[in-house]
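Open the model in your viewer and keep the selection panel at hand. The stops below are meant to be taken in order.

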Amino acid sequence: MNSSTQTLDTFNRLLQTAKTVSDLSSASAVLGWDQETYMPDGAAEERAEQLSTLQALIHQMMTSDEIGTLIDQLGSNGSEGELEEWQRATLREIIRNREQAVKLPEAFVREMSKVTSLAQQSWKRGRMAADFSIFRDDLARIIDIKRRHADYIGFAENPYDALIDLYEPGMTAAQLRPVFDRLKAGTVRLLDKINASPNPVSDDILFTQFGAEKQVAFAKDTIKQIGFNFTDGRVDLSAHPFCTSFGIRDVRLTTRVYEDDLRSCLFGLIHEAGHGMYEQGIDRQYTRTPLAEGTSMGIHESQSLFWENMIGRSPEFWRWAYPALQSTFPDRLSSISAEEFFRIVNVMKPSMIRVEADELTYNLHIILRFEIEDDLINGRLEVDHIPEVWNAKMEEYLGIVPANDAEGCLQDVHWSFGGQGYFPSYSLGKLYAAMFQRVMLKDIPDYYGQIERGEFGEILGWLRTHIHRWGKAKSPSELTMEICGEPLSESAFLEYIEGKIDRVYY
Ligand code: ZN
C-alpha cells in the first residue's frame, strides 16, 4: 500500500465509526422528537433511560482508543494533505467532537447532568411562584459547574469564551462586546424614533379569534411555497416549536397554535422552516458525517430569522400572501389592507418577555443576558444580585421594569439546563441574516419583485449555494468572510431595521 492509499484507508475506517455515531445520534433525535410530539406521559421514565443509554454509547465511542489511534495515524505522518477538502473538514470535526468528549471527566458529566435535571425542576417551581429564591441555590451550583466546564475545555482569556464556543465556534466575548454595545446604542436611538412617530400602529386584531385548523393549514401551505420540502420532511404539533433532523432527507418541524394569537403558528412555522431548509440543503455527500448539520447556532438562527422576518414580515411578501390569508379569515381581515397588515405584524415596542419580543427590541433582551452571563462566569456578579441587576438593565435599556421574577430573570429555561453561552446566538442570527441579505440584494437585482410574485426559488438557491450546502464544512467566520468580505458587524442590521421602521411608522 502506498502512503496515500493507506491514508485513505485509515480515514475511511475513522469515517465508518463517525457514521455509527451519527446513526446513534439520529436514533436519539427520533426518541427526543417523539417525546415532544406523540409519546404518552407514562413513557417518560423509560424514555429518559433509553436516551441516556444512547448518549452513553455515543460518549464511549467518541472517547475510545480506537478513534484516538486512527486520528493519531492520520495526523502524525502529515498525511492530512492527501485528503480532499471535505475529508479534512470531516476529520477536523471528528477531532473537535472527540476533544470535547475526552476533556470532560465522566464524574463531571454525571454531576452536570444531575445538577441540571434538578435545577430544571426548581426553575419551574420558582417561575410558577415568581420567586427567585427557589431557584437560587441550584443556579449557584450551575454557575460553579459552568466555570469548571470552561476550565476543562480551556480558553485564552475569558472562561465565558469556552461556553460561547460550544454554540458559536470561534466567537469570543471580546469580539461580541463592541458589536453589542453599538447595537444597543443604535436600538435605543431607534426606539426613540418609534416613540416620536406621528403614525402609531395597533396590533390588537392579531389577538382576536382565528380558527386553529385554518391557521395550521395556511402556515403549512406557506412554508411549502417558500421551499420547505415535504417529501423529505414533515410538520407536527408540540408545546414548544422546534426543528430537528434525523438526516438530510428527514427534517422534522413542529409548531403550536393559539386561536387568540395569529402570530405564533404562522411566523413560528416560517421560522422553523428556515432552520429546516438549511438542514435539507446540506450537500448529500455529507450524509451521516459530522458535516451534516448547521455550522453554528448563530448561522442556523440567521436562516430561520431571514425567512421569518426579512421575507415573512416584508411588505412585498404580504402583497403576495395577503389575499389568501384574507380569504381564509374573511370575517376578521376583510377591512384590513395588505399594507396595513404588514404594519400590524411589525409593531415594535418594549416588552418583558424575550420570546414575544419584536425584531428590534429582541436584541436588548439578548444583550442584557450576555452581560449578566459574562459577569457571573467571571465572578463579577453574585447569583443573589441577579434579580436587581436584571431589573435595573430592563429599565435602562427598555424603559420597563418586571413586576416579578417570573417575567424577569426566571423567564428562560436556558440557565437551568446549563445553556450559559447560548443566548448570543439569537442576536448573531439577526446580524448575520442582515449581512447576507445586503449581499443578496446585489446578486439578485429583482429580489423584491420576486418576493412580491411569490417566487422564492432564486433566493433559496442563493442560500443553498453560499450557506446550506456547506453544512459544517465551513466555520461561521469563514462563511461570513467569503460571502460578505467583512467580519461580524451590526451595521447591516441597523440599516435594514431602520428602513423598516421608516416604512411602518413614518
Ligand atoms: Zn430558531
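Predicted model: local features only at pLDDT ≥ 70, side-chain atom pairs only at ≥ 80, totals over all residues.

**Stop 1: the metal site.** Which residues coordinate the zinc ion? They are His271 and His275, each through NE2, and Glu301 through OE, at 2.1 Å. Along the chain, these donors have the spacing H-x3-H-x25-E. Now show helix 10, residues 262-280: His271 and His275 lie four residues apart in it, so about one helical turn separates them. In an α-helix there are 3.6 residues a turn, so residues three or four places apart point the same way. Both histidines are buried: the relative accessible area is 12% for His271 and 9% for His275.

**Stop 2: helix 8.** Select residues 173-195. Colour its buried residues, among them Leu176, Phe180, Leu183, Lys184 and Ile194. The buried residues of helix 8 pack against helix 7 (159-164), helix 15 (362-377), helix 16 (386-398), helix 17 (424-443) and helix 21 (491-505).

**Stop 3: the second largest pocket.** Select Glu85, Trp86, Tyr286, Trp470 and Ala473, which lie nearest the centre of this pocket among its 13 lining residues. The space inside is about 250 Å³. Next, show helix 4, residues 85-103, which gives the most to the lining, with five residues. Coloured by class, the lining has seven charged, five nonpolar and one polar residue.

Methods: Residues numbered from 1 in each chain as written. Heavy atoms only, no water. 1 Å grid on protein atoms, 1.4 Å probe; cavity = no way out; pocket = protein on both sides within 12 Å on 5 of 7 lines; lining within 4 Å. Points joined across faces, edges and corners; volume = space filled by probe spheres on them. Helix = DSSP H or I, 4+ residues; strand = E, 2+ residues; numbered from the N terminus. Nonpolar A, V, L, I, M, F, W, Y, C, P; charged D, E, K, R; others polar. Donors = N, O, S within 2.8 Å, 3.2 Å for Na, K, Ca; no water. Buried < 20%, exposed > 50% of the residue type's maximum accessible area, 1.4 Å probe, protein only. Contact = heavy atoms within 4.5 Å.
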